[in-house]
Amino acid sequence: LACRELLETWPEFGGTKRYAVPMLDIFHDGEPENSVAPRHGDIERIGNLARLKPLKYSSYIFYHYAMREEKPNCFNPTYIIGAHEELIFSYHERPTPSFENGPTRMKWPSPITPDNWHEVMEPHFIPWSESEQGPVLWEKMDIILTF
């Protein structure tokens, strides 16, 4: 079974069927190949999709850029966020590989990265649905193929 048979095509552009689209790099928390210890054993790979409000796109990128400059390697060196149109895709692996926090690259007159990160980020999203816990902003993707 060819991998392409498992994929749906992305809406055509210029009459060409597409199975992949380019993504804008919004955020990456580190370089996984620079982690302190090699990875062994079971690794959980987690991909999520969310939708950004068009008028909040630049603010979302701004805050993520500020975090990357103020607090490099603060979360998980495998964590990345890419964007294509209103869709954003995040990926990370668990367990989190060991890594060293990097030095602050940029210092502003005062910190930009908010302490209440999730509260500030929530208005940037178009919810997928509502749940008892509030709006569902990220949808976890199912793994269909691994190597």
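Leaving out its neighbours within four places in sequence, Glu-69 is in contact with Thr-104, Arg-105, Met-106 and Trp-108, contact meaning heavy atoms within 4.5 Å. With a relative accessibility of 11%, Glu-69 counts as buried (under 20% relative accessible area; exposed is over 50% and partly exposed in between, with a 1.4 Å probe and protein chains only). Glu-69 sits in helix 2.

A word on what you're looking at: this is a predicted model, where local features need pLDDT of at least 70, side-chain atom pairs count only at pLDDT 80 or more, and totals for chains, interfaces and linings use all residues. Residues are numbered from 1 along each chain as its sequence is written, and side-chain values use heavy atoms, with hydrogens and water left out.

Helices (H or I, at least four residues) and strands (E, at least two) are DSSP runs, numbered from the N terminus.

Strand 4 (residues 44-51) pairs with strand 9 in the antiparallel sense over 2 bridges; a pair needs at least two bridges found by DSSP. Leu-49 has Glu-139 in strand 9 as its bridge partner.

On to the pockets.

| Pocket | Volume | Lining by class |
|---|---|---|
| Largest | about 1100 Å³ | 18 nonpolar, 3 polar, 3 charged |

A pocket is an open set of points on a 1 Å grid over the protein atoms alone, where a 1.4 Å probe fits, with protein on both sides within 12 Å along at least five of seven lines; lining residues have an atom within 4 Å of a point.

Of the 24 residues lining the largest pocket, Leu-7, Tyr-19, Phe-89, Met-141 and Ile-144 lie nearest its centre. Strand 4 gives the most to this lining, 4 residues.

The second largest pocket is lined by 15 residues, with His-64, Tyr-79, Trp-117, His-118 and Met-121 closest to its centre. Helix 2 and helix 3 (117-121) are the elements giving two or more residues to that lining.

Notes: Grid points are joined across faces, edges and corners, and a volume is the space filled by probe spheres set on the points. Ala, Val, Leu, Ile, Met, Phe, Trp, Tyr, Cys and Pro count as nonpolar, Asp, Glu, Lys and Arg as charged, and the others, Gly among them, as polar.
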